[in-house]
Amino acid sequence: MKITIIHGQSHHGSTCHIARMLAEKLHGNITEIFLPRDFDCFCTGCTSCFMQGAESCPHYEKLQPVTQAIDEADVLIFASPVYVYHATGSMKALLDHYGYRWMVHRPAACMFHKQAVCISTAAGAGIKSTNKDMADSLFYWGVARIYRYGMAVNAVSWDGIPAKKRAKIEADTDKLAKKILARQGHVVPSWKTRAVFTAMHFVQKKGWNEVDAAYWKQQGWTGSKRPWKE
């Protein structure tokens with residue numbers, strides 16, 4: 001099993017510790033991406049990825065190692081501490097670059113066989129909205145199964161978390177790892193993912209963006225083929 005962790009920050013705080021804890025319990029090969037250290041570009045809003053292709057993005061080459069790590073993983077872990085009730089700016093900047101991969105445009109077939117986990121921590125509130133920031137993109141990429149885990153750690157560092165709360169995190173990640181491992185090898189997208197894909201199938205049959213329409217036709221998705229059956 002290959003696991004890719006995308007850290008929404010470059011310091012090793014509570015969120016980082018929990019993401020690593022879960023990844024290690026999956027007993028696979030782990031690749032870690034730290035933002036903004038490993039990718040620090042903001043989307044310029046040029047729309048070239050939509051209208052011309054991903055290769056036309058001005059940050060395409062710099063983004064490639066991240067894209068490769070995402071595509072090769074069986075399990076994705078997106079981890080962000082809460083920054084003003086939302087994911088970090090670095091995480092958002094990365095996700096902005098993959099708008100063209102949403103199901104309405106050109107989703108990657110490999111996504112429909114993956115599992116993903118969104119992890120967030122906060123000293124107090126904002127966990128739900130932070131996980132949603134990441135889960136929204138993962139869902140519209142077509143990721144088959146998405147889990148969310150958040151913890152109000154009531155601390156600003158891993159060392160400051162009370163022992164009782166750390167024990168709960170340990171137990172929670174044990175349960176989550178078991179769920180992921182039980183599904184590995186036979187991951188099927190949820191009914192909601194399949195429904196959205198089917199709706200996009202009809203949109204692409206009519207075709208409103210030449211690049212998108214050509215991609216869907218090439219994949220066979222405007223016909224009877226479906227990415228989760230490949």
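Student: Is Ile 33 buried or exposed?

Tutor: The general idea is that a residue is called buried under 20% relative accessible area, exposed over 50% and partly exposed in between, using a 1.4 Å probe and protein chains only. Ile 33 has a relative accessible area of 8%, so this residue is buried. Please note that this is a predicted model, in which local features need pLDDT of at least 70 and side-chain atom pairs count only at pLDDT 80 or more, while totals for chains, interfaces and linings use all residues. Residues are numbered from 1 along each chain as its sequence is written, and side-chain values use heavy atoms, with hydrogens and water left out.

Student: Where is Ile 33 placed, and which residues does Ile 33 touch?

Tutor: Helices (H or I, at least four residues) and strands (E, at least two) are DSSP runs, numbered from the N terminus. Ile 33 belongs to strand S2. Contact means heavy atoms within 4.5 Å. Not counting residues up to four places away in sequence, Ile 33 touches Thr 4, Ile 5, Ile 6, His 7, Asp 38, Val 66 and Ala 69.

Student: How is Glu 72 to be described?

Tutor: Glu 72 lies in helix H3 and has a relative accessible area of 41%, so this residue is partly exposed. Setting aside residues up to four places away in sequence, Glu 72 touches Lys 2 and Lys 114. The C-alpha atoms of Glu 72 and Cys 110 are separated by 8.4 Å, although the two are 38 residues apart along the chain.

Student: What span does helix H1 reach?

Tutor: The expected span of a helix is 1.5 Å times one less than its number of residues. Helix H1 (residues 14-25) has twelve residues and reaches 17 Å from its first C-alpha to its last, close to the expected 16 Å.

Student: How many residues of H1 are buried, and what covers them?

Tutor: Nine of the twelve residues of H1 are buried, and the helix is mostly covered. Among the buried residues are Cys 16, Ile 18 and Leu 22. Their cover includes strands S1 (2-7), S2 (29-34), S3 (75-81), S4 (115-122) and S5 (145-152), together with helix H6 (163-183).

Student: Which residue just after H1 takes a positive phi?

Tutor: That residue is His 27, with a phi of about 55°, although His 27 is not a glycine. His 27 is found in the loop between H1 and S2 and counts as exposed, at 67% relative accessibility.

Student: Which residues are joined by a cis peptide bond?

Tutor: Leu 35 and Pro 36 are joined in this way, with omega about 5°. Ser 90 is placed in helix H4 and is buried, with a relative accessible area of 18%.

Student: How are two packed helices described?

Tutor: They are described by the angle between their axes and the distance between the axes. Axes are lines fitted to C-alpha atoms, for helices over the stretch in contact, and angles run from 0 to 180 degrees between N-to-C directions. The axes of H7 (residues 191-206) and H8 (residues 210-219) come within 10 Å and cross at roughly 115°. That makes H7 roughly perpendicular to H8; angles under 35 degrees count as roughly parallel, over 145 as roughly antiparallel, 65 to 115 as roughly perpendicular and the rest as oblique.

Student: Which residues meet where H7 contacts H8?

Tutor: Phe 197, Met 200, His 201 and Gln 204 in H7 meet Asp 212, Ala 213 and Trp 216 in H8.
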